[in-house]
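Subject: Handing over a structure, with notes

Dear colleague,

I am passing on the structure below, together with some notes on what was found in it. Please keep it in view while reading.

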Amino acid sequence: LLYSDGISDAENAARQDFGIEGLLRVSADTRQLPLADAVAALIHSVETWCAPGIHRDDLSLIGFEVAE
């Protein structure tokens, strides 16, 4: 995954960052999904994490699949 800092720096109402930990957690939880579904789940998780009116940065994410 390639992502912008808008993903990792997204804050909740307690001003806690989504962080790399959140990114890794959601990535692990969605590992078996098709790539488009995993990316959508990650964006949804960040949007759900954010407190209303606090998040002001972009959410950019690029996922890659490697064929074996």
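At 48% relative accessibility, Leu1 counts as partly exposed, a class that lies between buried (under 20% relative accessible area) and exposed (over 50%), with a 1.4 Å probe and protein chains only. This is a predicted model, in which local features need pLDDT of at least 70 and side-chain atom pairs count only at pLDDT 80 or more, while totals for chains, interfaces and linings use all residues. Residues are numbered from 1 along each chain as its sequence is written, and side-chain values use heavy atoms, with hydrogens and water left out.

Leu1 belongs to the segment before β1 (2–3), where helices (H or I, at least four residues) and strands (E, at least two) are DSSP runs numbered from the N terminus. Leaving aside residues up to four places away in sequence, Leu1 touches Leu23, Ser27, Leu42, Leu61, Ile62 and Gly63, a contact being heavy atoms within 4.5 Å.

Two serines come next. Ser4 sits in the loop between β1 and α1 and is buried, its relative accessible area being 14%; apart from residues up to four places away in sequence, Ser4 touches Asp58, Leu59 and Ser60. Ser8 is part of helix α1 (residues 5–8) and is likewise buried, at a relative accessible area of 13%. Its contacts, again not counting residues up to four places away in sequence, are Tyr3, Asp17, Phe18, Gly19 and Ile20.

The loop between α1 and α2 holds Ala14 and also Arg15. Ala14 is exposed, with a relative accessible area of 56%, and its C-alpha atom is separated by 9.7 Å from that of Cys50, 36 residues away along the chain. Arg15 counts as exposed at 55% relative accessibility, and its phi is near 65°, which is a positive value in a residue other than glycine.

On the helices, I would begin with α2, whose buried residues are Gly19, Gly22, Leu23 and Val26. They cover an arc of only 110° around the axis, which puts them on the same side of α2; the arc is that of the directions from the helix axis to the C-beta atoms. The face turned away from this buried side carries the exposed residues Glu21, Leu24 and Ala28. Among the elements that cover the buried residues of α2 are β1, α1 and α3.

Helix α3 (residues 35–49) has 15 residues and reaches 21 Å from its first C-alpha to its last, close to the 21 Å expected at 1.5 Å a residue, where the expected span is 1.5 Å times one less than the number of residues. In α3, the residues that are buried are Ala38, Leu42, Ile43 and Val46. Because they cover an arc of only 135° around the axis, they lie on the same side of α3. On the other side of this helix, Ala36, His44, Glu47 and Thr48 are exposed, and for Thr48 the relative accessibility is 55%. The cover over the buried residues of α3 includes α1, α2 (19–29) and β2 (61–62).

Finally, there is the largest pocket, which has a volume of about 400 Å³. A pocket here is an open set of points on a 1 Å grid over the protein atoms alone, with protein on both sides within 12 Å along at least five of seven lines, and lining residues have an atom within 4 Å of a point; grid points are joined across faces, edges and corners, and the volume is the space filled by probe spheres, of 1.4 Å, set on the points. Of the 16 residues that line the largest pocket, Ser27, Arg31, Leu35, Ala38 and Phe64 are the closest to its centre. The elements that each give two or more residues to this lining are α2 and α3, and the largest share, four residues, comes from α3. By class, the lining has twelve nonpolar, two polar and two charged residues, with Ala, Val, Leu, Ile, Met, Phe, Trp, Tyr, Cys and Pro counted as nonpolar, Asp, Glu, Lys and Arg as charged, and the others, Gly among them, as polar.

With best wishes
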